[in-house]
Amino acid sequence: MRFIEMQGFSVRPDKAVKFQQWVIDNQERIKRAYPEGSEFGGVYATVFGSDKTSGDFYWLDILDSYGALDRSAALSKDPTSEMAKVTAEFIGFLDPDRNAGWSHYLLKSVVDATVFDMPKS
């Protein structure tokens, strides 16, 4: 199976440049922090979009199974793990304003997804 976990978020307005530099400086470290079955898919800035509440940036993870979500969650709870350290640093950039854009999606490859035709009414 193949999944994409996509998290949309907003960065504090005065931290966007520092956030960009943090991502540039830490890409390899972030990649190495991921557990088996998970892969860092990158961080993307929104160039244009139609959803006004989904966030200005997107963090993508590539997962091989639902179990990969559990492995990431367990690793993030261990304060000595690199994943927990990366997460803590990342959270420091987020805009805490409740009106700031955010979103969270789990996308499953259509090759593996169960789909149905809807009956005509």
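Where does Ser 65 lie? Select it to begin: Ser 65 sits in the loop between strand 3 and helix 2. Before going further, a note on what is on screen: this is a predicted model, in which local features need pLDDT of at least 70, side-chain atom pairs count only at pLDDT 80 or more, and totals for chains, interfaces and linings use all residues. Residues are numbered from 1 along each chain as its sequence is written, and side-chain values use heavy atoms, with hydrogens and water left out.

**The whole chain**

Show the protein chain as a cartoon. It contains 3 helices and 4 strands, where helices (H or I, at least four residues) and strands (E, at least two) are DSSP runs numbered from the N terminus. Along the sequence they come in the pattern β-α-β-β-α-α-β. The C-alpha atoms of the protein chain fill a box of roughly 50 × 35 × 25 Å along the principal axes.

Of the 121 residues, 34% count as buried. Here buried means under 20% relative accessible area, exposed over 50%, and partly exposed in between (1.4 Å probe, protein chains only). Among contacts with a separation of 6 or more, 75% join residues 24 or more positions apart; a contact means heavy atoms within 4.5 Å.

**Stop 1: Ser 65 and the start of helix 2**

Return to Ser 65 and show its side chain. Ser 65 counts as buried because its relative accessibility is 19%, under the 20% limit. Ser 65 caps the N-terminal end of helix 2, with a side-chain oxygen 3.2 Å from the backbone nitrogen of Gly 67. The side chain of Ser 65 also makes a polar contact with the side chain of Asp 64, at 3.0 Å. A polar contact is a pair of N or O atoms within 3.5 Å; within protein, one must be able to donate a hydrogen and the other to accept it, and residues adjacent in sequence count only if both atoms are side-chain atoms. Leaving aside neighbours within four places in sequence, Ser 65 is in contact with Phe 3 and Arg 71.

Now select residues 66-77, which make up helix 2. This helix has 12 residues and reaches 18 Å from its first C-alpha to its last, close to the 16 Å expected at 1.5 Å a residue. The expected span is 1.5 Å times one less than the number of residues.

**Stop 2: the aromatic rings**

How many aromatic pairs does a search of the whole structure find? It finds 12. Rings of Phe, Tyr and Trp (its six-membered ring) pair if their centres lie within 6.5 Å; planes under 30 degrees apart count as stacked, over 60 as edge-to-face and the rest as tilted.

Select Phe 19 and Phe 57 to see an edge-to-face pair, 5.4 Å centre to centre with 70° between the planes. Phe 19 belongs to helix 1 (residues 16-33) and Phe 57 to strand 3 (residues 57-63), so the pair links distant parts of the chain, 38 residues apart. Phe 19 is buried at a relative accessible area of 1%, and Phe 57 is buried at 17%.

Trp 22 lies in helix 1 and Phe 93 in the loop between helix 3 (82-91) and strand 4 (103-108), so the pair ties together parts 71 residues apart in sequence. Both Trp 22 and Phe 93 are buried.

To see these rings in context, select Phe 9, Phe 19, Trp 22, Tyr 34, Phe 40, Phe 57, Trp 59, Phe 90 and Phe 93, which form one aromatic cluster.

**Stop 3: the nonpolar core**

A nonpolar core is a set of buried Ala, Val, Leu, Ile, Met, Phe, Trp, Tyr and Cys residues joined through side-chain atoms within 4.5 Å. The largest one has 15 residues, of which Phe 9, Phe 19, Trp 22, Ile 30 and Trp 59 touch the most other members. Helix 1, strand 3 and helix 3 each give two or more residues to this core, and helix 1 gives the most, with 5.

**Stop 4**

Finish with Lys 108 in strand 4. Lys 108 is partly exposed, at 30% relative accessible area. Beyond residues up to four places away in sequence, Lys 108 touches Met 1, Arg 2, Phe 3, Tyr 66 and Ala 113. Lastly, select Val 115 in the segment after strand 4: Val 115 is exposed, with a relative accessible area of 61%.
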